[in-house]
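Subject: Structure handover

Hello,

Here is the structure I promised to pass on. Please open it first, then read the notes below.

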Amino acid sequence: MRILRTKRSTPDDFQESGLRRCLDASDLTLLGVGAIIGTGIFVLTGIAAATQSGPAVIISFVIAGLVCALAALSYAELASSVGGCGSAYGYSYAAFGELIAWIIGWDLILEYGISVAAVANGWSGYLNNALVAVGLPLPDSLTHAPQAGGIINLPASAIILLLMGMLILGAKESARLNTGMVTIKIITIAVFIGIASFHVQPGNWSPFMPFGWFGHDETGKPVGILAGASIVFFAYVGFDAVSTAAEEAKNPRKDIPVGIIGSLCFCTLVYILVAGLLTGIVHYNELNVSSPVAHALGLIGFKWASALVSTGVIAGLTTVMLVLYYGLTRIIFAMARDGLLSANFAGVNARTQTPVKIIVTCGLFIAAIAGLVPLGELAEMVNIGTLFAFMLVSAGVIALRYRVPEMMRPFKTPASPLLPLAGVFSCGALMAFLPSLTWYRFIVWLGLGLIIYFSYSIRNSKLDKS
């Protein structure tokens with residue numbers, strides 16, 4: 001069947017893609033850290049503790065981290081053996097065929113696009129708070145979307161357009177910006193850890209599990225450690241973006257696995273440590289605010305550290321947007337190169353060696369969404385989309401081990417198929433704990449994608465024409 005045709009590839013097949021090979025293992029690891037450490041550590045930690053898990057949010061992070069670790073091993077194997085900048089899209093094309101690849105590619109476009117717009121809204125709020133602190137506030141009409149009573153969220157749109165310019169310049173230049181911003185936020189986190197370590201009140205950890213493992217509140221919303229894990233999972237979104245840099249890595253067979261696993265391990269340890277200290281210095285019910293880390297430092301009397309954290313948040317969210325925006329453009333580039341999206345997006349600028357048309361189109365579209373639409377619960381769609389992608393990547397390892405046992409695998413997922421199966425089931429379990437409205441929106445998005453596939457992509461596929 002045409003919809004089940006597979007596209008086999010290796011990293012060597014993408015040597016002449018037109019993209020510049022300029023990123024080493026350290027660049028890729030920092031890209032992962034840049035994408036992972038942001039909204040999760042500075043925002044979701046406190047909100048999940050206050051509304052879903054209590055001090056046991058530590059366990060929520062451990063569970064989410066373990067689920068991601070299982071997926072990361074599968075990503076590392078397929079990145080080193082299948083290659084390409086399409087991430088889960090390309091791996092699904094090799095393992096399951098074109099229709100599944102289209103579905104996951106369409107899913108990734110939603111995941112990355114909504115993520116960038118959602119983070120831009122958060123970035124705008126922190127920037128405006130900083131401007132208020134120095135006596136230069138922006139008018140509400142320029143910091144709120146029309147539905148929220150304003151004209152446009154100007155800072156949210158502006159930062160997307162600035163990052164658009166940076167990505168056009170090139171991957172190495174973007175990596176340098178990411179490295180600088182990552183350094184700032186790691187210093188910020190180190191300051192928090194240094195202060196919080198000496199102000200822990202063990203009584204704040206009691207009760208440790210006020211919401212239990214899983215249940216529902218009076219409004220029917222899922223609560224508990226497992227529900228918290230499905231939400232703080234958003235904090236880990238981003239390590240998979242490292243795989244989208246495969247065609248710009250100097251040695252993708254080695255460097256991509258190092259970048260994926262190294263960044264995830266580092267960030268998981270940081271999350272667990274920060275979550276434990278945050279719920280130790282103030283009671284968890286004090287943390288349901290937009291900037292819980294800065295708020296907690298202010299409550300224990302460290303106003304200057306609170307201001308420093310706000311600076312770190314702005315830097316942290318900038319890198320998250322940069323890396324996810326980068327990943328989005330490379331996924332669309334891979335899909336267009338395969339003919340599943342317009343061939344106009346498959347070109348690479350000869351001077352900058354970047355897909356400029358895709359970068360500009362995505363930038364303008366995301367800037368409009370970030371400036372004009374209050375995203376709210378749409379951010380939860382990022383979680384379900386990511387978990388779905390992780391399930392398919394884990395299943396893809398099993399499928400390719402069975403169907404193409406002779407494939408060269410520089411990195412192998414240990415204990416296969418046990419660990420990949422654990423990745424499939426654990427991701428599926430976390431999806432089950434997400435709100436039903438999130439599922440409805442996700443199904444509608446996939447339905448729209450199927451309409452596009454059967455009306456355009458299936459007839460324009462390069463694989464079909466060859």
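This is a predicted model: local features need pLDDT of at least 70, side-chain atom pairs count only at pLDDT 80 or more; totals for chains, interfaces and linings use all residues.

Start with a cysteine. Cys265 is partly exposed, because its relative accessibility is 44%.

Cys427 sits in another setting. It is buried, at 0% relative accessible area. Its closest cysteine sulfur is in Cys68, at 7.3 Å, and that is again too far for a bond. The cut-off for a disulfide is 2.5 Å between the sulfur atoms. By that rule the count is 0 disulfides.

**Overall fold**

The protein chain has 16 helices and 2 strands. Its radius of gyration is 21 Å, close to the 23 Å that the globule rule gives for 466 residues, so the chain is as compact as a globular protein of that length. Along the principal axes, the C-alpha atoms fill a box of roughly 65 × 45 × 40 Å.

Burial is next. Of the 466 residues in the protein chain, 57% are buried. The accessible surface of the chain is about 17200 Å². Carbon and sulfur atoms account for 69% of that surface.

Then the contacts. Take those in the protein chain with a separation of 6 or more: residues 24 or more positions apart account for 82% of them.

**Aromatic rings**

How many aromatic pairs does a search of the whole structure find? It finds 10. One of them is Phe61 with Tyr271: the ring centres are 5.1 Å apart and the planes meet at 20°, so this pair is stacked. The planes would have to be under 30 degrees apart for that label. This pair links distant parts of the chain. Phe61 belongs to helix H3 (residues 57-81), while Tyr271 belongs to helix H9 (residues 252-281). The two are 210 residues apart. Both Phe61 and Tyr271 are buried.

There is also an aromatic cluster to look at. Trp102, Trp106, Trp445, Tyr453 and Phe454 form it together.

**Where to look in the viewer**

- Cys427 and Cys68, for the 7.3 Å sulfur distance.
- Phe61 in helix H3 and Tyr271 in helix H9, for the link between distant parts of the chain.
- Trp102, Trp106, Trp445, Tyr453 and Phe454, for the aromatic cluster.

Best wishes

Notes: Residues are numbered from 1 along each chain as its sequence is written. Side-chain values use heavy atoms; hydrogens and water are left out. Buried means under 20% relative accessible area, exposed over 50%, partly exposed in between (1.4 Å probe, protein chains only). Rings of Phe, Tyr and Trp (its six-membered ring) pair if their centres lie within 6.5 Å; planes under 30 degrees apart count as stacked, over 60 as edge-to-face and the rest as tilted. Helices (H or I, at least four residues) and strands (E, at least two) are DSSP runs, numbered from the N terminus. The radius of gyration is taken over C-alpha atoms; the globule rule is 2.2 Å times the number of residues to the power 0.38. Contact means heavy atoms within 4.5 Å. Accessible areas come from the Shrake-Rupley method with a 1.4 Å probe; for residues, only the protein chains shown count as cover.
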